Amino acid sequence: MNQYGRMRTRRLPPEDDVCGWSALLPPPPPPRRLHGAVRADCAVIGAGFTGLAAARRLAELRSDWRIAVVDAWRVGGGASGRNSGFVVDLPHYIPARGVDGNQRLLRLGRAGLAHLREQVRRYAIDCDWTEQGRFHGAAGNEGVRALEAFFAGADALGERYERLAGATLARLIGTTYYCAGGRTPGSAMVQPAALARGLARSLPENVDLFECSPIRAIDTGAEFMLRADGGTLSADKLFVASNGFTPALGLLRDRLFPLVTFASLTRPLTSSEAAALGGEPVWGLVSEVAMGTTLRRLADGRMLLRNTVRYRPSLRVDAELQRRIRALHRRHFTDRFPALEGMDFDYTWGGVMGVSLNGAQFFGELAPNLFVAAGYNGVGMAMGTISGVLLAERAVGAPSALLTDMQALPPPDWIPPAPALGIGIRTTLRYLSKKAAGE
């Protein structure tokens, strides 16, 4: 580990309390911060779905070990609580990986979904968990082409789906905006911040959780020493589960980069508005076009819209950018639901995701006793969860068929350094945004 020496955090996750999912929950109890000198057998950086799954599995496999999880934010306040709440079992088909590679992704995604389902049931986690599948919508020619490609991928994998005419989809979701659609049965939908909090509350007794304790530096050598403002955490093994923030820790900077995606959440619909809208009372819809719009209708009557991606190396979203995104979301919402024109949003927020050029994630032992899983390219709830489970199993030498699947996946491609990286990403985002216009 001397090759790393001291790793200094290049950018800390910004303090950002604006997230609709978290705001809808009761205030959590005061955080337990990292104070003084703490010793553990394993340290986990990141209390999202990957980090919590890794800590839980380590504690199960080694009940005599102390596991310490540390996060810069409150549980549910980071990226894991800022997504649109889809636990995806059937991801986009990636032609370059062939049928075998995509079947591996499918098995892994379903294992992640099954793991979360088991925890929700075992610990009675109140997170609005529902497994009614998801809709897929196409508004124009680009959307139809992408939808057909999705269906072709499902056919190649032997997976079920239902084609929906535009008029049929309109009756189900209350808008005639889409000309074609589909429905797949497997995915779950959740309140992601509530799920993350519930997973944290149910951690085994040999796991300690430290929140609001950003790591400033990591010393490597005979052991790992994590340094925060109020204390230190030393451990024999280190698990990095910070996804899009991983490059800010100085790791995988030539493989992954962060993107910020944005979502907005309306006030609850009135009874008359809900009746006029019609359709199913709870549903979720995704676009198969990259950077297309995600929609959800929630059990409490609120509606969510998620689209727009920005490259923000600073990881920060200022008030002006948030204002512009909110206005953009309002326009896109009205386009889809003109009967709800004038509907405002109670919350607009951004969330960081880890992305690679080839859509691959990193999984493995980056250096002796340094285990990393990151770069889920927008499907982090299921894949992040199973990655955490399998990273723990790999660390203790517990082989499985799923671990074989995970280790057979290709690694992320190399990415150039700044400024070439920023130029390339922003150019690509402009191109994809243009293609996704209307979707």
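In this predicted model, Met291 is partly exposed, with a relative accessible area of 22%; a residue counts as buried only under 20% and as exposed over 50%, so Met291 falls in between. Met291 lies in the loop that links β14 (283-287) to β15. Its backbone carries a phi near 70°, a positive value in a residue other than glycine. Most residues other than glycine have a negative phi, and most peptide bonds are trans. A second residue with a positive phi that is not a glycine is Asn369, where the angle is about 65°. Asn369 is placed in the loop between β18 (362-367) and β19 (370-374), and with a relative accessibility of 28% it counts as partly exposed. The backbone also contains a cis peptide bond, which runs from Ala418 to Pro419 and has an omega near 5°. Pro419 belongs to the loop between α10 (401-408) and α11 (420-435).

Apart from neighbours within four places in sequence, Thr266 is in contact with Arg302, Met303, Phe333, Met343, Asp344, Phe345 and Asp346. Pro268 is found in the loop between β13 and α7 (271-277). Pro268 is partly exposed, with a relative accessible area of 33%. When residues up to four places away in sequence are not counted, Pro268 touches Glu273, Asp300, Gly301, Arg302 and Asp346. The C-alpha atom of Pro268 is separated by 34 Å from that of Glu148, a residue 120 places away along the chain.

Another pairing involves strand β2 (residues 36-45) and β3, which run parallel and are joined by four bridges. Here Ala43 stands opposite Ala68 in β3. In a regular strand the side chains alternate between the two faces of the sheet. In β3 (residues 67-70), Ile67 and Val69 point one way and Ala68 and Val70 the other way, and all are buried.

The structure holds two cavities of 30 Å³ or more. The largest cavity contains about 50 Å³ of space and is lined by Phe49, Leu52, Ala53, Arg56, His115, Leu116, Gln119, Leu199 and Thr385. Helices α2 (49-61) and α3 (98-122) each supply at least two residues of this lining; α2 gives the most, with four residues. By class, the lining of the largest cavity has five nonpolar, three polar and one charged residues. The second largest cavity holds about 30 Å³. Its lining consists of Leu90, Pro91, His92, Tyr93, Asn102, Leu105 and Leu157, of which five are nonpolar, two polar and none charged.

The second largest pocket has a volume of about 970 Å³. Of the 37 residues that line this pocket, Pro28, Trp73, Arg74, Val75 and Glu211 lie nearest its centre. Helices α1 (20-23) and α6 (192-201) each supply at least two residues of the pocket lining, and α6 gives the most, with four. The lining of the second largest pocket divides into 21 nonpolar, three polar and 13 charged residues.

Methods:
Residues are numbered from 1 along each chain as its sequence is written. This is a predicted model: local features need pLDDT of at least 70, side-chain atom pairs count only at pLDDT 80 or more; totals for chains, interfaces and linings use all residues. Side-chain values use heavy atoms; hydrogens and water are left out. On a 1 Å grid over the protein atoms alone, a cavity is a set of points where a 1.4 Å probe fits but cannot get out, and a pocket is an open set with protein on both sides within 12 Å along at least five of seven lines; lining residues have an atom within 4 Å of a point. Grid points are joined across faces, edges and corners, and a volume is the space filled by probe spheres set on the points. Ala, Val, Leu, Ile, Met, Phe, Trp, Tyr, Cys and Pro count as nonpolar, Asp, Glu, Lys and Arg as charged, and the others, Gly among them, as polar. Buried means under 20% relative accessible area, exposed over 50%, partly exposed in between (1.4 Å probe, protein chains only). Contact means heavy atoms within 4.5 Å. Two strands pair if DSSP finds at least two bridges between them.
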